Amino acid sequence: MLRLRAICPFSWRAFQFRPFSYEPLIIQMNQCTDEEQIFDLIERNKATLSERQVGYAFNILWQLQQQKTSLLKNVEYVRDHPQFLTLYNLTANKFKLMNDDTLVKVLYITQQFAVEAHDPLVEALVTEAWRRLERSLSVLMVNISSLISRYFQEQLVNKTELLFDTTDSYEVDIARRTVQFLRNVKYNYLPLLERCNKVFLSNVNHLDLDSISKILSLYKFLQFHNFEFVTMAKKRLTEMIPLFDHPASFVKLFVALGPIAGPEEKKQLKSTILLMSEELTSQQALAVLEAMEEMESRNSHLIKKIASVLHKHLDTYKPIELLKIIQALSFLHFQSKELFVKLRELLLSYLKISVIPSEISILVRAISMIPSPHMDAVGISRIEAVLPQCNLSDLNGFVTSVLTWIQYSHMYLGSITGKQLKLLQKLDHYGHQRLQQSNNLDLLWEELKSFKGEWLPESLLEETIATLQRLMEEINYKNVAGIASFISRTNYLSTLLLDRIASVVIQQIEKIHPFAILAIIFPFSILNYDPPQRDEFFGICMQHLNSYLGVLDPLMLVFLGFSFATLEYFPEDLLKAIFNIKFLARLDSQLEILPSSLNTRAQFRLMELNRAVCLECPEFQIPWFHDRFCQQYNKDIGSMNGAQQQIYKMLAEVLGGINCVKASVLTPYYYTVDFECILDKRKKPLPYGNHNITLGQLPEMHWKSNTQIVGSRLPPGAERIALEFLDSKAFCKNIPHIKGKSAMKKRHLEILGYHVIQIPHFEWNSMALSTKDARMDYLRECIFREGKS
């Protein structure tokens, strides 16, 4: 709000310290020494107070508060006074007559007196300011973001969109403040983010270090990824490396450029920051450490230097900052008994005095991440004291920590305390209670979207899905992508929810941003589910994407293509957009700036999409170009788990010898089959000429060509059989429904000529197969009976 000083045509200082005029009533107000005198004047003159006098009364009331120490402030008393209500009502009737400076000051002071964010007067004042300051809307938005309701936030966003539509040029500062507003209100509104991004891209030469650094930080928080902006930022920031030699500026450059820099630039950044390490402030050292975590840095000398700076300043950090320090140091594998002992002491001291549930959750989580995690009775009592006030996110944080303590106690102390188990039961109780009392889907989603760990899937999943189903009529174009994303993480197949998602998309597709389509498709792909309106649903999603194929992030296009492929849906326009030299060059550029885990995942998804298209859509004539990649990643696939070794030995008996079964077979297009055997036309096993591999040895790919079909290598009438053991990861969590990737593999192996037999873990480990004889009979039935799969 204070930034409004810069945009309003008045002298703020004059307004604060001089009366508007020398009217007798204003002079009397100026002479008042306490609130009761002001309220007395309001009571006696309420019928005649002008808008200027109303504004000045607010000003004097606030000045009186500012003159007091914190112990003497009586904001609640003033706000709840009957004559404050009189002043409130007078303002509601007269605010349109107020000049700009009075209007803004009254809005600011109402905020200081803690008037509710959704209060009608507050919204009326903001609307009036909005009307008067339309070219300065972004400044207004940033400064009132903490004051307004969700409904009013959306009104502001809609107004800003209208300005984008009606204004020929939009300034970088306005676009940046608009993104800042979205970050402040935690609203990842894709249409507005996309428009602001276009402003940044068209004004590249006007973006300095501060602007680029701020925009990247805002994008990261909002989880908005744009390849073009990141590429531009990388180029601009790299050019700036020689320009900064002061710690404050260079740290900002290190944090912005480090995670997206190439190897040479990273080396240069690290060597320079190492020279500056002794000069870093506490906040600069923390920023560098977080950037090193994101860069996946393993420079032990630099890590040690930064850790020593952090150690000196540990007493100055807030609980959330201590958690960030512990997370980063753990990720970077830094060990220092002295540092972690000091961290533990600090965390426990904060825990003893903290009363805020979210802060206590942070502290407990941080303690659980320190080497040798455990919690004493005092800590457990602090947790129990705030449980009734906790939301689901806080409860989840506590549960994750308690499970860590229990695991540590069991492994290293040889015992689990009753207090730990009792606390876990209480957490489950409050979690169930919180879900049962939920009656607003958007509020519930705010609590669920940041969930990590295993508590929800293990303890509350059924209740959570039941609550989502109870509230599913509230799923709409605004929250559909978020709900779909959550379902993807649960591995729980709720046909009711997925059908509702598909229905909402079909009905409201024009209101859904194309960037959200991947999140919407994802649960259908993972869970291998086709909604009743499958063709219409997929078709309308793809149609909505068509005009964006040239601007979507390469990574997003690859994941989209793969997600559709698992569902046996191969849109030609999408495949043409992916499998061309220009796109693959863009993808290579993006892979250079991705974290290693995401880089590898992206390459695998491209390979799997390439394989799916070659096998299922040969008419598109897209070449297979992943031989070298697959050879690189197929070096350690010969090992088998316990169940697989057990099956392998039994198969040898069932088939008549070890030479009649192969393990860990590599097929064309680099699928690995757990076990393979060949039956002749009389269903008799055929021995392999070149004997089998031993356990743990690298598999061989015994077909000459990646495109050669199986039958061409077999005697007439013979059949090649693939047996696959499916563990729990291959199935949905709630029902024995096979998930997308396993279903696609079966489909592809059948195209390659295999008869595929899938052995579900729940059948193999069932009571019916509890003896060796029962399992042998099961394998015989699977292999030798026609049509069994």
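How much space lies in the largest cavity, and which residues line that cavity?

A: About 50 Å³ of space lies in the largest cavity. This is a predicted model, in which local features need pLDDT of at least 70 and side-chain atom pairs count only at pLDDT 80 or more, while totals for chains, interfaces and linings use all residues. Residues are numbered from 1 along each chain as its sequence is written, and side-chain values use heavy atoms, with hydrogens and water left out.

A cavity is a set of points on a 1 Å grid, over the protein atoms alone, where a 1.4 Å probe fits but cannot get out; lining residues have an atom within 4 Å of a point. Points are joined across faces, edges and corners, and the volume is the space filled by probe spheres set on them. Two cavities of 30 Å³ or more are present.

The largest cavity is lined by His225, Asn226, Phe515, Val551, Leu552, Asp553 and Met556. Four of these lining residues are nonpolar, two polar and one charged. Nonpolar covers Ala, Val, Leu, Ile, Met, Phe, Trp, Tyr, Cys and Pro; charged covers Asp, Glu, Lys and Arg; the others, Gly among them, are polar.

Next, helix H14. It spans residues 227-240 and holds Met232. Helices are DSSP runs of H or I with at least four residues; strands are runs of E with at least two; both are numbered from the N terminus. Met232 counts as buried because its relative accessibility is 11%. Buried means under 20% relative accessible area with a 1.4 Å probe, protein chains only. Leaving aside neighbours within four places in sequence, Met232 contacts Val204 and Leu207. Contact means heavy atoms within 4.5 Å. Phe200 lies 32 residues from Met232 in sequence and 9.8 Å away in space, C-alpha to C-alpha.

Now the strands. S3, residues 719-726, has seven of its eight residues buried. Strand S2 (residues 672-679) pairs with S3 in the antiparallel sense over five bridges. Pairing requires at least two DSSP bridges. Leu679 stands opposite Glu719 in S3. S3 also pairs with strand S4 (residues 754-760), in the parallel sense, over seven bridges. There, Val756 in S4 is the bridge partner of Ala722. From S3 the chain crosses through helix H37 (residues 740-751) to S4, a right-handed β-α-β crossover. Right-handed means that, with the strands pointing away from the viewer, the path from the first strand over the helix to the second runs clockwise.

Terms used
Buried < 20%, exposed > 50% of the residue type's maximum accessible area, 1.4 Å probe, protein only. 1 Å grid on protein atoms, 1.4 Å probe; cavity = no way out; pocket = protein on both sides within 12 Å on 5 of 7 lines; lining within 4 Å.
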